[in-house]
Amino acid sequence: MIELDDAELESQLRQTFQQAAAPVRGEGVRRDVVRHQADQRQAARRRTLRSRRVAVAALATAAVAAVVVAAVALVRPEGDRVDTNPAVTEPGTPTTPTTTPPSTETTTVPKTTVPSQASTPSTTPSKTKVPGEPPAFPPESTNLTHGGTIWGVYLAAVSPDDPAGDAALAAAGQAVRDAGYTTDGPTTCDAGAAEATGADPSSLFVAAYFDTEAQAKQAGAAFEDRGHDVKGIAHVTTYCMD
Amino acid sequence: MAADDFDDLFTRERTPMVRLAFLMLGSEALAEEVVQDGFIAVLERWDQVDNPGAYLRRCVVNGCIGQSRRARRWAPGPVVTQAEPTADHMLDAVRRLAPQRRAMVVLRFYNDMTQDDIADALRVPVGTVKSGLHRALGELKEAIGDRAR
């Protein structure tokens, strides 16, 4: 049996390691692949984070709404109506002789006393255009696939570092939903979007998607007519859906 | 993030890291896979790590240990090396060490790291490194002696 002392063994180890490792170059590790995979992981992480934020915000909104409804139910007994404008009365309500002289307030009903419906764009895409109304929204595509090409109308292109980015993304997402379109939230996975919008490639985008260029242009016009800024319309390749 | 800095790190560390991983794993393909994952991890946390080079090495070493534990033992196939047959025996003996001890041996005798640095890289006490190296060398002596008989 060969007896090696520690010094001999260590010397042999060093020599063996140097010889064995020398032919190895590691050229299979590629910088572009590293960068691409890191970008993809970060994009997926950001999307997950934003989805969680949206879910939390939706829960918070629902909770607040529930509290408000409960509070209103408590302070307004059934059949009793709280009216902040004493001059406006329900038809058939007995009136007592007024002791307050009429004022201008009696002729103008403040908006706060009248529940109003927000004047939002149609929530259902329609194909007909009524004269005088904004352009109709065309139907969105149902052909979003991983690696597929499609026409995107981009309402937001936001740098991840932009402190005001969340608000812009939320507003754009709301505009998309108001138009009756579906959205999974901001994405970084549309190849060609950055070029079309002139945004940084790492930007987050909110878009509606269409099968044809004509539909995309029609949607872009419809969005702009309703006051939404369209950042770009592009034929893009969609990823991150595998 | 300074893109140039990452490029510098990549250029400087790619080959040394793949060689280190190769010595621990015995497969150049696996070594490249582990090192690629290491670079991705560094790039993702570039703004958060003080010493990207040290962080990369820790990622690679831990990746190799994890890979070895998953594989349970080294692949029995021949090692692609131009070393002498005796070196093959030595490498074979190294490959039979437990993954963490193997990492200690490679870091100590290939990377010339101190025991303190090895402890830091492996996130273990220095005493663990000392005893691990001592036992690893004992196992290597025994394995090489058995081969020679």
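Among contacts in chain B between residues at least 6 apart in sequence, what percentage join residues at least 24 apart? Hi everyone, let's start there: the figure is 62%, where a contact is two residues whose C-beta atoms, placed from the backbone, lie within 7 Å. For chain A, the corresponding figure is 73%.

A quick word on the model. It is predicted, so local features need pLDDT of at least 70 and side-chain atom pairs count only at pLDDT 80 or more, while totals for chains, interfaces and linings use all residues. Residues are numbered from 1 along each chain as its sequence is written, and chains are lettered from A and ligands numbered from 1 in the order in which they are written.

Now the two chains. Chain A has 5 helices and 4 strands, in the pattern α-α-β-α-β-α-β-α-β along the sequence. Chain B has 7 helices and 0 strands. Here helices (H or I, at least four residues) and strands (E, at least two) are DSSP runs, numbered from the N terminus. In chain A, 24% of the 242 residues are buried; in chain B, 40% of 149. Buried means 20 or more other C-beta atoms within 10 Å of a residue's own, exposed means 12 or fewer, and partly exposed is in between, with C-beta atoms placed from the backbone.

Next, the sheet in chain A. This open sheet has 4 strands in the order β2-β4-β1-β3, with antiparallel pairing; two strands pair if DSSP finds at least two bridges between them. At the edges stand β2 (190–191) and β3 (204–210), each with a single partner strand, so one side of each has no neighbour in the sheet. Strand β1 (residues 148–158) and β3(A) pair over 7 bridges, and A:Ala157 has A:Phe205 in β3(A) as its bridge partner. Two helices of chain A pack on this sheet. Helix α3 (residues 165–178) touches β1 and β3, at about 130 degrees to β1(A). Helix α5 (residues 213–225) touches β1, β3 and β4 (232–238), and its direction makes about 20 degrees with that of β1(A).

So where do the chains meet? One place is α1(A) and α5(B), whose axes come within 9 Å and cross at roughly 85 degrees. Axes are lines fitted to C-alpha atoms, for helices over the stretch in contact, and angles run from 0 to 180 degrees between N-to-C directions. That makes this pair roughly perpendicular, the word for 65 to 115 degrees (under 35 is roughly parallel, over 145 roughly antiparallel, the rest oblique). A:Glu10, A:Leu13, A:Arg14 and A:Phe17 meet B:Val105, B:Val106 and B:Phe109.

The largest nonpolar core has 47 residues, and B:Leu23 and B:Val106 are among those with the most contacts inside it. Such a core is a set of buried Ala, Val, Leu, Ile, Met, Phe, Trp, Tyr and Cys residues joined through C-beta atoms within 7 Å. Both chains contribute: α1 (6–21) of chain A gives two or more residues, as do elements of chain B including α1 (3–25) and α5 (99–109). Leaving aside neighbours within four places in sequence, B:Leu23 contacts A:Phe17, A:Ala20, A:Ala21, B:Val106 and B:Tyr110.

Last stop: is B:Ala29 buried or exposed? This residue, in helix α2 of chain B, is exposed, with 10 other C-beta atoms within 10 Å. B:Ala29 and B:Val18 are 11 residues apart in sequence and 9.3 Å apart in space, C-alpha to C-alpha. Thanks, everyone!
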